[in-house]
Amino acid sequence: MKKKIIGVVSLLALVVILATALVACNPYKWNGIGGGDPSAEVESNGGYVVKQGKYLYYINGYEGTGGSNNEWGTPVKQSIVRSELNEDGSVNNATTKVVVPKIIYNSSAKGGFAIFGEWIYYATPNNDRDKNGTASTTDTDFMRTKIDASVTQRLGKINTRSAEYLFTPTRVLYYTSNTISYIDFTGMKTNKSIDDAKGAKEGVLAENVSSVAWNMASDTVYYTQTVTGDNSYKNYNELCSVKVNGSDKKVLATEDTFVTDVDKDGNKTPQTQPLKVFKYTLRDMFVESDGSHTLYYTKTHYIGSDKQDGLFCAKAADLVKSEKELEPSGASTLYPLGYEDGALAYNAASMYCWYDGKVKPEDAVQVLNASKTIWRVDPKEGVVYFTASSSATTLEKISYKSGGNATVIMSEGIKVDWLKLDFIGDNFYFFATDDSNFMHTINVKTFDKNFEDEDGNKAESAYIGFERDEEDEEDEEEDK
């Protein structure tokens with residue numbers, strides 16, 4: 001079974017032709033590709049593959065940080081492309097088209113791109129040149145392009161390529177230097193390409209922030225905030241929430257939230273309850289099926305120095321009544337499963353265990369060791385899909401409810417040191433390291449790694465992207 005790889009020669013010719021259409025009044029000129037379904041449900045925002053209706057949008061392989069060659073219309077590899085899906089969910093490579101001819105990159109593993117309605121939102125290296133002609137190597141542009149490639153707009157620029165960020169239908173949020181900032185683009189016109197972010201507004205959502213938890217499926221941001229002013233000497237912080245648009249700001253936990261003792265006048269007395277005055281660190285959040293939120297956080301208290309109280313989860317609507325301890329050593333590495341099932345988290349010996357808050361932590365099921373990374377949980381089957389933390393050559397699964405032996409699903413090189421590995425339904429998407437980091441896919445339920453046809457060809461993942469024509473294949477053989 002022969003692999004298919006991108007047709008560089010034919011595609012570069014296409015790019016050159018299209019690039020000549022650039023004009024000064026529209027630096028983002030690109031041939032519209034039509035199609036798209038802005039009203040369709042979106043799946044998997046925040047990674048490198050997003051499904052919207054019958055279309056699959058994905059980053060076309062991985063090449064690197066982009067260097068200084070990120071001019072609009074130039075990149076093909078690591079750009080965003082679109083393919084139509086066949087009825088069985090497989091990708092129709094013949095329909096693949098470039099939607100965003102820019103390098104998609106940010107070093108944060110929590111980044112990726114997103115689709116809301118008719119717009120694709122993404123981060124790309126800014127290579128603007130200074131007065132000496134030197135291209136920036138540190139700035140990031142936040143941009144959006146319509147799903148039919150007809151309009152592209154720069155929303156704003158930040159001076160880092162490592163910030164955590166969140167795309168929403170109205171704002172881009174980013175977290176740097178203990179501050180959550182925003183770029184609000186609701187004032188931008190939507191019918192033409194814009195390079196100078198005209199109509200966008202920048203501002204600050206929250207300051208003195210020490211940790212943050214957000215999700216592209218939610219309009220609420222959770223964060224912890226350092227206490228300033230008269231109470232700054234006290235050893236606690238506050239756990240807060242705010243809507244993406246800046247409204248409905250709340251303090252969910254503060255100095256005396258978990259203090260239950262009162263004095264004779266009915267006042268809470270935190271000064272006599274030092275073990276119940278906490279500092280919080282948010283670790284993650286989970287959007288439940290009913291739209292409510294479960295928060296995962298660690299807590300410490302201070303007696304001479306910070307003392308660890310453990311890893312907890314609670315419903316954001318009422319932390320006090322719903323809080324339950326998951327793991328006592330304060331694990332920071334975890335995979336959230338929701339309020340009822342708790343989390344898969346490290347124990348003190350750096351073993352992944354299943355903590356549901358119902359059994360004693362010492363009785364939790366040990367699932368995996370620290371050399372593994374969990375990428376997806378299938379709660380119906382009770383299994384997790386995982387790889388080695390580095391140089392992954394297999395995708396495996398194991399029961400997190402009973403432990404036991406792992407099953408190898410696929411044996412191929414998998415790039416695991418950038419964005420999270422993507423699953424949409426039963427389809428697994430990944431950059432294949434043995435194919436120069438181009439995009440591949442398998443169906444984890446139907447893929448048979450032991451298959452071999454009558455000619456001795458073994459089962460392989462399917463390349464998705466551009467077809468290479470025969471002339472390109474001949475050129476490659478000559479180069480070898």
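**Burial and salt bridges**

Modeller: Start with D195: at 32% relative accessibility it counts as partly exposed. Buried means under 20% relative accessible area, exposed over 50%, and partly exposed in between (1.4 Å probe, protein chains only). This is a predicted model, where local features need pLDDT of at least 70, side-chain atom pairs count only at pLDDT 80 or more, and totals for chains, interfaces and linings use all residues. Residues are numbered from 1 along each chain as its sequence is written, and side-chain values use heavy atoms, with hydrogens and water left out.

Colleague: Which residue forms a salt bridge with D195?

Modeller: The general idea comes before the case. Side chains of opposite charge can pair when their charged atoms come close. The rule here is a side-chain nitrogen of Lys or Arg within 4 Å of a carboxyl oxygen of Asp or Glu. R154 is the partner of D195, with the closest N and O atoms 3.0 Å apart. The pair links distant parts of the chain: R154 is in strand 9, D195 in the loop between strand 12 (179-184) and strand 13 (201-206), 41 residues apart. Helices (H or I, at least four residues) and strands (E, at least two) are DSSP runs, numbered from the N terminus. R154 has a relative accessible area of 12%, so it is buried.

Colleague: How many salt bridges does the structure hold?

Modeller: The count is 19. Take D139 and K157, whose closest N and O atoms are 3.9 Å apart. D139 lies in the loop between strand 7 (119-125) and strand 8, and K157 lies in strand 9 (residues 152-158), so this pair ties together parts 18 residues apart in sequence. D139 is buried at 14%. K157 is partly exposed at 42%.

Colleague: Which side chain meets K243 in a salt bridge?

Modeller: That is D219, at 3.5 Å from N to O. K243 is in strand 16 (residues 237-243) and D219 in the loop between strand 14 (209-213) and strand 15 (220-226), 24 residues apart. K243 is partly exposed at 24%. D219 is partly exposed too, at 44%. Shared partners also build a network of salt bridges: D378, E381, K397, D426 and K445 are joined into one.

**Aromatic rings**

Colleague: How do I read a ring pair?

Modeller: A pair of aromatic rings is described by the distance of the centres and the angle of the planes. Rings of Phe, Tyr and Trp (its six-membered ring) pair if their centres lie within 6.5 Å; planes under 30 degrees apart count as stacked, over 60 as edge-to-face and the rest as tilted. The count comes to 24 aromatic pairs. In one of them, Y28 and W72 have ring centres 5.2 Å apart and planes at 75°, so the pair is edge-to-face. Y28 lies in the loop between helix 1 (8-19) and strand 1 (42-43), and W72 in the loop between strand 3 (55-59) and strand 4 (80-85), so parts 44 residues apart in sequence are tied together. Both Y28 and W72 are buried.

Colleague: Why is the pair of F142 and Y174 tilted?

Modeller: The centres of F142 and Y174 are 6.1 Å apart and the planes are at 35°, so the pair counts as tilted. F142 is in strand 8 (residues 140-146) and Y174 in strand 11 (residues 171-176), 32 residues apart. F142 is buried at 0%, and Y174 is buried at 11%. These two belong to a cluster linked by ring pairs: F116, Y121, F142, Y165, F167, Y174 and F185.

Colleague: Which residue lies over the face of F258?

Modeller: K299 does, at 4.0 Å from the ring centre. A charge sits over a ring if NZ of Lys or CZ of Arg is within 6 Å of the ring centre and within 35 degrees of the ring normal. K324 has its charged end over the ring of Y339, 4.4 Å from the centre.

**Strand pairing**

Colleague: What is the order of the strands in the open sheet of 4 strands?

Modeller: Two strands pair if DSSP finds at least two bridges between them. The order is 6-7-8-9, with antiparallel pairing. Strand 6 (114-116) and strand 9 are the edges, each pairing on one side only. Strand 7 and strand 8 pair over 7 bridges, and Y121 stands opposite R144 in strand 8.

Colleague: Where is the positive phi in the hairpin of strand 18 and strand 19?

Modeller: Look at G291, with phi near 90°; this hairpin has 5 residues between the strands. Strand 18 (residues 279-287) and strand 19 (residues 293-302) run antiparallel, joined by 8 bridges. V287 stands opposite H293 in strand 19.
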